[in-house]
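Try each task before you read its solution.

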Amino acid sequence: MRSILLAITVLAMPACTQDIGGAGPGGGGDDTQATCGNGIIDPGEACDDGNANNGDGCSSTCQTENTATPRIALTVDNTTATTDLNVVSTFNVTVTSMMGFSGAVTLTAASDGADWMATLDTASLTVAADGTATAKLTVKAMGDTAALTGNVKISAASSGPASDVSVAMTFNPTLDVTFVDSGGAVATYDPTWVGGKPYMLKAGRSIKVVNGSTTAPMTVHVDGGIAGFPHEGGTTAAGGAYTGTTAAGDVGATVGFYTHMGGTPPAFLYDAGLSGAKRPALTIVP
């Protein structure tokens, strides 16, 4: 009997050894790569809340923090925008209290385009615990800007961890200039760009003169000198736009432009005989 049992034991051993050394079900798990911030608790992580922020109870290395730090979250209503040059884009910036934060918050805005105009309507906000506070960001670039794409970064500083958010901006290579109907089809021009301060536009980009009237058509008079911005290039309907594209050969040229009467007012949006110093001008630059 003892001989029979010994034989059975010896025959069983290889199968047992094969079981231990083989891959078997569930093998190969040692190549799992932990990724902190993906919302999944991987091996080696104590937590994963879907971000890599410190101070919110789960650290930037996905380890549990003993105390969640009062802090703020910064958001913007649109994170991308595409628009023409000389057009203002407006964004709503919201500061939200997290973990019971309350107190003062300082906002700043910085743009990749050094010559862009990125402006906050306020730099200081006060946020109540579990509340929100808002600010407005406006962004604009002119026709001679070096950069047509980039980001505007809004940063918030407070007694807690800092927060930031960015808006990706794309500017079409077209400068918008609107002739406003001030009433009775009489045109007015943006005072910032008349009287010796012309719009600057890089060669190869376009100018779009927008008819700001809702009732009257217009005809754009150009003093000449820019091949891609011809004199009286047709009649533009109310709400429409006249567009001209400049060229390298136009560099250095400066011209005045305005809307002609074109007919008996108020049938057309017309210039009421303003002096040349009161009319807009355009200069083409490299």
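Predicted model: local features only at pLDDT ≥ 70, side-chain atom pairs only at ≥ 80, totals over all residues.

**Exercise 1.** Which backbone oxygen lies 2.8 Å from a polar atom of the side chain of Ser111?

*Solution.* Residues are numbered from 1 along each chain as its sequence is written, and side-chain values use heavy atoms, leaving out hydrogens and water.
Next, go to strand β4 (residues 103–111), where Ser111 is found; strands are DSSP runs of E, at least two residues, numbered from the N terminus. The backbone oxygen is that of Gly113.

**Exercise 2.** Is Thr236 buried or exposed?

*Solution.* Take the cut-offs: buried means under 20% relative accessible area, exposed over 50%, partly exposed in between (1.4 Å probe, protein chains only). Thr236, in strand β14 (residues 235–236), has 6%, so Thr236 is buried. Compare Ser111, which at 25% counts as partly exposed.

**Exercise 3.** Which residues touch the most other members of the largest nonpolar core?

*Solution.* Such a core joins buried Ala, Val, Leu, Ile, Met, Phe, Trp, Tyr and Cys residues through side-chain atoms within 4.5 Å. Of its 54 residues, Leu107, Met169, Phe229, Phe257 and Leu282 touch the most other members. Strand β9 (residues 163–181) gives the most to this core, with seven residues.

Conventions:
Helix = DSSP H or I, 4+ residues; strand = E, 2+ residues; numbered from the N terminus. Polar contact = N/O pair within 3.5 Å; in protein donor to acceptor, adjacent residues only side chain to side chain.
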